[in-house]
Amino acid sequence: MTKRKNGVEGIDDGALKKRITSEKSDGRPWSELPMDLLGDISRKLNLVDHLAFGGVCRSWRMSALASERDVIASQPPLVVLPSISADKVLSLYNIFEENTYHIELPTFASKECCGLSSGYLVFQDRKGQDELWLINPITRDELKFPTPPTNISHATITSPTTPSDSSIVALSKDFVRLLFYRPSDDKWTLYKTPEPKCFYADIIVFKGQVYVLTCNGKIWNLRLQSDASLTLFAVCDNPVRCSTILRRFSFQYRPNVFLVASDDELLMVNFRLFTRPKIFKVDLQTRKGVVTNTLGDKALFIADMSRALISNPTKWGGHNNCIYALDYYLDPIYGLSLEGKILQTLKDTGSSSCRKCTFYSSYWYFPNKCFHVDFLNEN
């Protein structure tokens with residue numbers, strides 16, 4: 001191989017680089033930096049820089065893996081912002097730092113995102129021909145499930161480890177059917193709504209149990225044992241007040257009531273933009289929902305099919321005891337008080353330009369959920 005000269009007689013580029021390295025660092029390569037120092041550096045990086053940091057060399061990757069959970073858990077909620085022109089690029093927007101991270105994934109052409117569960121994005125084939133494909137854009141883990149018999153709009157998994165260990169529960173796109181698939185099943189099981197003139201609204205796995213919410217404020221317990229059942233679990237006070245009319249936008253129905261879990265609390269939230277929300281704390285012992293007027297040091301990040309209670313958002317420049325509402329048809333993003341007043345207005349994410357792409361609804365992505373799943377308790 002011919003060596004390129006750099007203008008210094010008799011010294012090629014490689015030799016010059018080695019000499020500069022030796023002069024500046026006494027010959028110690030970057031790969032041999034102390035692990036304590038590498039750990040301190042990696043924990044101060046943002047999400048994408050941390051992923052890139054781990055790709056430099058073996059020692060840097062070992063350091064990145066050691067701090068991976070802490071770094072990812074410290075990230076704020078991100079807005080899923082895919083690109084119209086690329087079917088392999090997923091963009092995650094940080095509303096507090098106004099940064100956009102671009103992550104390349106296997107192609108999701110001909111697929112649409114129909115939910116988010118435990119850090120996994122759930123994709124279904126638009127024509128209903130291929131399997132359900134779940135991918136975690138941070139860890140790159142993938143899961144697959146058989147093709148559901150109808151298009152779905154919500155989905156949650158009970159275990160992220162392997163498909164053989166996990167069940168999946170979903171709602172149909174028209175919110176009139178509940179679907180689930182268990183590892184021992186050869187096909188999906190469908191349940192119609194348990195009461196007439198009623199729609200399904202949300203599903204959640206909390207403390208090892210699957211809870212299903214209907215739009216009249218009733219919470220049902222879905223048991224996934226061999227003899228599956230759906231039974232009434234709890235009713236919120238004043239159910240008429242928490243009833244909701246499903247809104248229709250671009251041929252999509254959207255409920256206004258949601259289930260949210262945080263630590264030892266299960267909440268039901270009735271929310272419309274710029275109106276005073278009604279929040280119920282569900283008592284698992286009395287099986288009743290009681291109105292609460294505070295979220296304490298937490299903030300509720302809410303969107304069509306992804307929401308979470310996040311502790312201490314002030315560390316990113318946010319507000320406690322408020323709601324950050326991401327609406328598909330509304331820019332910018334608002335931080336709202338529990339009285340419905342605007343506390344904070346955050347920069348337009350550009351989501352209006354993505355309304356014809358793979359993601360037909362707005363989503364929050366919660367990096368801290370990547371390593372946390374509430375496993376199903378079959379007892």
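Strands S5 and S6 run antiparallel and are joined by 3 bridges, where strands are DSSP runs of E with at least two residues and helices are DSSP runs of H or I with at least four, both numbered from the N terminus. Two strands are taken to pair if DSSP finds at least two bridges between them. Across this pairing, Phe 123 stands opposite Trp 133 in S6. On the S4 side, S5 is joined by 6 bridges, again in the antiparallel sense, and Ser 117 stands opposite Tyr 120. The hairpin of S4 and S5 has 2 residues between the strands, and Ser 118 takes a positive phi near 55°.

S5 is mostly covered, with 6 of its 6 residues buried; buried means under 20% relative accessible area, exposed over 50%, and partly exposed in between, with a 1.4 Å probe and protein chains only. In a regular strand the side chains alternate between the two faces of the sheet. Both faces of S5 are covered: Tyr 120, Val 122 and Gln 124 are buried on one side, and Leu 121, Phe 123 and Asp 125 on the other.

## Basis of the model

The model is predicted: local features need pLDDT of at least 70 and side-chain atom pairs count only at pLDDT 80 or more, while totals for chains, interfaces and linings use all residues. Residues are numbered from 1 along each chain as its sequence is written, and side-chain values use heavy atoms, with hydrogens and water left out.

## Overall composition

The secondary structure of the protein chain comes to 5 helices and 27 strands. Of its 379 residues, 50% count as buried. Among contacts (heavy atoms within 4.5 Å) with a separation of 6 or more, residues 24 or more positions apart account for 49%.

Strand S2 (residues 89-94) is largely enclosed by the rest of the structure, because 5 of its 6 residues are buried. S2 runs antiparallel to strand S1 (residues 78-80), to which 2 bridges join it; Val 79 stands opposite Tyr 93 in S2.

With strand S3 (residues 99-104), S2 pairs in the antiparallel sense over 6 bridges, and Ser 91 has His 102 in S3 as its bridge partner. S2 and S3 form a hairpin with 4 residues between them, in whose turn Glu 98 has a positive phi of about 55°.

## Nonpolar cores

A nonpolar core is a set of buried Ala, Val, Leu, Ile, Met, Phe, Trp, Tyr and Cys residues joined through side-chain atoms within 4.5 Å. The largest has 20 residues, and those with the most contacts inside it are Leu 92, Leu 121, Ile 138 and Tyr 365. At least two residues of this core come from each of S1, S2, S3, S4 (111-117), S5 (120-125) and S6 (132-135). Another core, of 18 residues, lies apart from it and includes Tyr 93, Ile 95, Phe 301 and Ala 303.

## Aromatic pairs

Rings of Phe, Tyr and Trp (its six-membered ring) pair if their centres lie within 6.5 Å; planes under 30 degrees apart count as stacked, over 60 as edge-to-face and the rest as tilted. By this rule the count comes to 8 aromatic pairs. The rings of Phe 96 and Trp 316 are stacked, because their centres are 6.3 Å apart and their planes stand at 25°. Phe 96 lies in the loop between S2 and S3 and Trp 316 in the loop between S23 and S24, so the pair ties together parts that are 220 residues apart in sequence. Both Phe 96 and Trp 316 are buried.

The pair of Phe 180 and Tyr 191 is edge-to-face, because the ring centres are 5.7 Å apart and the planes are at 85°. Separately, Phe 96, Phe 301, Trp 316, Tyr 324 and Trp 364 form one aromatic cluster.

## The loop at Pro 313

Pro 313 has its place in the loop between strand S23 (307-311) and strand S24 (322-327). Its relative accessible area is 0%, and Pro 313 is therefore buried. Pro 313 and Ala 299 are 14 residues apart in sequence and 6.7 Å apart in space, C-alpha to C-alpha. Leaving aside residues up to four places away in sequence, Pro 313 touches Asp 297, Ala 299, Gly 318, His 319 and Asn 320.
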